[in-house]
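Subject: Structure handover

Hello,

Here is the structure I said I would pass on. Please look through it first; my notes follow below.

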Amino acid sequence: MPRAASDNRRTLGIGSGRIGDSSAGPSFERKLAAKAVSRRKRPELAPGAERVVYFWMAAEALESLIGLRDELSDDEQLIQQAVRRFVRERYLPRAGKLFADEAFPRDLIPELAALGVLGASIHGHGCAGMSPVQYGLVLQELEYGDSGLRSFVSVQGSLAMYAISAFGDEAQKERFLPRMARGEAIGCFGLTEPDSGSDPASMKTHARPDGSDYVLSGTKMWITNAPFADVAVVWAKVEGGAESISGFLVERGMKGFETPRIEGKMSLRASETGEIVLDECRVPKENLLLGKRGLGAPLRCLNEARFGIAWGALGAAKACFDAALSYTGERVQFGVPISDKQLVQAELVHMASEIAKGDLLAYHFGRMKQKQGKLLPEQVSLCKRNNVAVALDCARRSRALLGANGILLEYPAIRHLLNLESVYTYEGTHEIHTLVLGKALTGRSAF
Ligand code: TGC
Ligand code: FAD
């Protein structure tokens with residue numbers, strides 16, 4: 001008679017941890033988890049549909065081990081729990097299907113707005129004014145659901161709204177920010193171009209002053225939220241004199257502004273990505289962001305988003321860890337649950353250690369940002385580079401621990417693994433952040 005996986009398990013303050021034990025979480029979820037593990041025939045489910053499998057017990061085990069919860073204030077815990085509930089109840093049941101269908105759930109935007117997560121770290125203009133740690137926790141919970149869900153919130157808040165809040169005048173802030181915080185207007189952020197990715201200084205999009213307008217031409221590529229954005233923050237070189245990079249608020253309906261959708265991504269499928277095509281698009285001068293010129297302006301926005309991603313990616317890692325812990329406790333091979341095997345435990349321990357270190361890194365820099373008001377760009381690079389790499393590595397290990405089942409969308413591992421390939425590349429590739437850190441340490445640029 002094989003031992004139950006839980007018999008030997010240290011409980012870390014979460015009860016016996018036995019399947020079906022109500023102290024380990026709602027029993028229907030545990031039953032679903034057990035069923036999902038034991039066989040593979042569910043013809044009634046649409047292709048790509050994901051089982052509603054919540055890994056409460058596993059999630060609790062890792063949180064208790066890391067022990068960060070006790071460091072969080074009551075407010076921080078409340079925000080974390082509210083977003084966690086939203087993700088588990090409203091997003092996870094659809095996660096696999098949304099990924100399979102290449103669909104972003106626009107119907108959830110009002111609920112995200114009601115949670116206060118749109119432009120969450122901005123103060124005033126109807127925004128929640130969350131602290132860096134609060135914001136980080138929000139993004140981590142969202143990315144436990146899917147990197148696409150977190151991407152939507154990052155772009156809306158840390159890129160589009162932050163650009164307006166940091167570089168816009170009072171009229172622009174009042175016109176856009178409250179509507180964007182309510183989810184009534186969606187923003188996107190156009191920096192990358194077909195021939196200008198890691199090196200945004202080489203952008204070709206340009207703006208020609210003409211009377212009371214600027215006339216914009218060029219193409220932006222790989223732009224999250226573009227297909228349904230109401231306002232695009234577009235970075236362009238202003239002609240005349242020193243060609244300095246400036247931000248423009250290009251609004252849906254302006255002539256010469258198109259946002260074709262990019263179809264067929266095998267990553268971040270639940271996020272809408274598009275181009276921004278500007279063909280002699282006339283933008284009034286009131287829509288120019290005046291606060292700061294040069295590449296430093298979009299890069300300042302990126303610091304905000306990269307900080308959030310450093311937290312968010314660990315949410316994906318935790319989802320993968322939870323799935324692996326739960327699965328290996330149930331899956332029986334050679335007469336025992338595979339979690340009885342030392343090699344399997346070594347994998348789980350490796351994942352848990354890396355996630356714990358990543359959490360501490362994010363938390364440390366979160367508190368530092370809170371205290372000092374900002375971080376050095378290289379500190380943000382350190383966080384983003386490390387935590388996304390950790391998440392990608394955990395997703396791959398989790399996928400492997402789930403064996404063949406690991407390639408199914410009914411488990412989260414393959415979806416997160418594919419998503420994280422984009423996260424590794426966007427907001428500064430892993431290599432670009434290596435070079436940022438290399439330059440900071442040696443004083444020598446190797447770009
Ligand atoms: P460099 O000469 O080093 O700097 C130009 C000016 O910018 C300043 N600066 C920064 N300012 C604030 N924050 C930072 N992180 C900054 N990095 C540089 C710098 O001080 C200088 O200012 P000034 O006043 O002296 O002119 O610029 P470079 O051309 O050598 O490039 C530096 C490099 C390669 C690090 C930078 O271009 C870079 O980060 N490249 C990566 C591009 C990138 O990350 N693109 C992301 C596009 S948005 C996106 O991916 C959204 S995905 C969203 C989602 O779905 O979640
Ligand atoms: P490249 O810059 O061509 O890099 C290709 C490879 O070369 C990479 O491995 C890179 O690390 C390496 N490399 C480049 N330069 C060097 C060097 N000097 N030394 C060593 N190696 C180098 N952009 C936006 O502006 N807004 C968005 O909302 C947005 N959303 C995105 C959503 C998704 C799903 C994806 C995949 C991308 C998104 N991007 C967005 C674009 C993203 O920021 C770029 O893909 C990223 O900056 C890299 O640019 P690139 O793809 O052109 O790669």
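**Notes on the model**

Glu-427 lies in the loop between α12 and α13. This is a predicted model, and everything below should be read with that in mind. The phi angle of Glu-427 is near 60 degrees, which is a positive value in a residue other than glycine. Glu-427 counts as buried because 24 C-beta neighbours lie inside 10 Å, and the cut-off for buried is 20 or more.

A second residue with positive phi is Asn-225, which is not a glycine and has phi near 75 degrees. Asn-225 is placed in the loop between β5 and β6 (231-238). Is Asn-225 buried or exposed? Asn-225 is buried, since 25 other C-beta atoms are found within 10 Å.

**Overall**

The protein has 13 helices and 12 strands. It has 447 residues, of which 49% count as buried. Among contacts with a separation of 6 or more, 75% are between residues 24 or more positions apart.

**Ligand 1**

There are 25 residues around ligand 1, and those that come nearest are Ser-151, Thr-224, Pro-377, Tyr-426 and Gly-428. Two or more residues of this shell are given by each of α7 (147-167), α9 (296-330) and α13 (430-442). Which element gives the most to the shell around ligand 1? That is α9, with six residues. By class, the shell around ligand 1 consists of 14 nonpolar, nine polar and two charged residues.

**Ligand 2**

Around ligand 2 there are 21 residues, with Leu-191, Gly-197, Ser-198, Thr-429 and Glu-431 coming nearest. The elements giving two or more residues to this shell are β3 (187-190), β5 (213-224), α12 (413-425) and α13. The shell around ligand 2 divides into 11 nonpolar, nine polar and one charged.

**Helix packing**

I looked at two helix pairs. Two packed helices are described by the angle between their axes and the distance between the axes.

Helix α6 (residues 132-145) packs with α9 at an angle of about 40 degrees, and the axes are 7 Å apart. The two helices are therefore oblique to each other, and the crossing of α6 and α9 is right-handed. On the α6 side the contact is made by Pro-132, Tyr-135, Gly-136, Leu-139, Gln-140, Glu-141, Leu-142, Glu-143 and Tyr-144. On the α9 side it is made by Phe-307, Gly-308, Trp-311, Gly-312, Ala-313, Leu-314, Gly-315, Ala-316, Lys-318 and Ala-319. The residues of the α6 and α9 contact divide into 11 nonpolar, five polar and three charged.

The other pair is α7 with α8. The axes of α7 and α8 cross at roughly 160 degrees and come within 9 Å. That angle is over 145 degrees, so α7 is roughly antiparallel to α8. The crossing of α7 and α8 is left-handed. Helix α7 contributes Gln-156, Ala-160, Met-161, Ile-164 and Ser-165 to the contact, and α8 contributes Gln-172, Lys-173, Phe-176, Leu-177 and Met-180. By class, the contact of α7 with α8 has six nonpolar, three polar and one charged residues.

**Two alanines**

Ala-181 lies in helix α8 (residues 170-181). With 23 other C-beta atoms within 10 Å, Ala-181 is buried. Leaving aside neighbours within four places in sequence, Ala-181 is in contact with Ala-113, Leu-118, Gly-119, Gly-126 and Cys-127. The C-alpha atoms of Ala-181 and Pro-110 are separated by 9.8 Å, although the two residues are 71 residues apart along the chain.

Ala-297 is found in α9. Why does Ala-297 count as buried? Ala-297 has 20 other C-beta atoms within 10 Å, and 20 or more is what buried requires. Apart from neighbours within four places in sequence, the contacts of Ala-297 are with Phe-167, Ile-245, Gly-247 and Lys-292. One of these, Ile-245, is 52 residues from Ala-297 along the chain, and the C-alpha atoms of the two are separated by 8.3 Å.

Regards

Key
Residues numbered from 1 in each chain as written. Chains lettered and ligands numbered in written order. Predicted model: local features only at pLDDT ≥ 70, side-chain atom pairs only at ≥ 80, totals over all residues. Helix = DSSP H or I, 4+ residues; strand = E, 2+ residues; numbered from the N terminus. Buried ≥ 20, exposed ≤ 12 C-beta atoms within 10 Å, placed from the backbone. Contact = placed C-beta atoms within 7 Å. Near = placed C-beta within 6 Å. Nonpolar A, V, L, I, M, F, W, Y, C, P; charged D, E, K, R; others polar. Axes fitted to C-alpha atoms, helices over the stretch in contact; angles between N-to-C directions. Parallel < 35°, antiparallel > 145°, perpendicular 65-115°, else oblique. Left-handed = near helix turned anticlockwise from the far one by under 90°.
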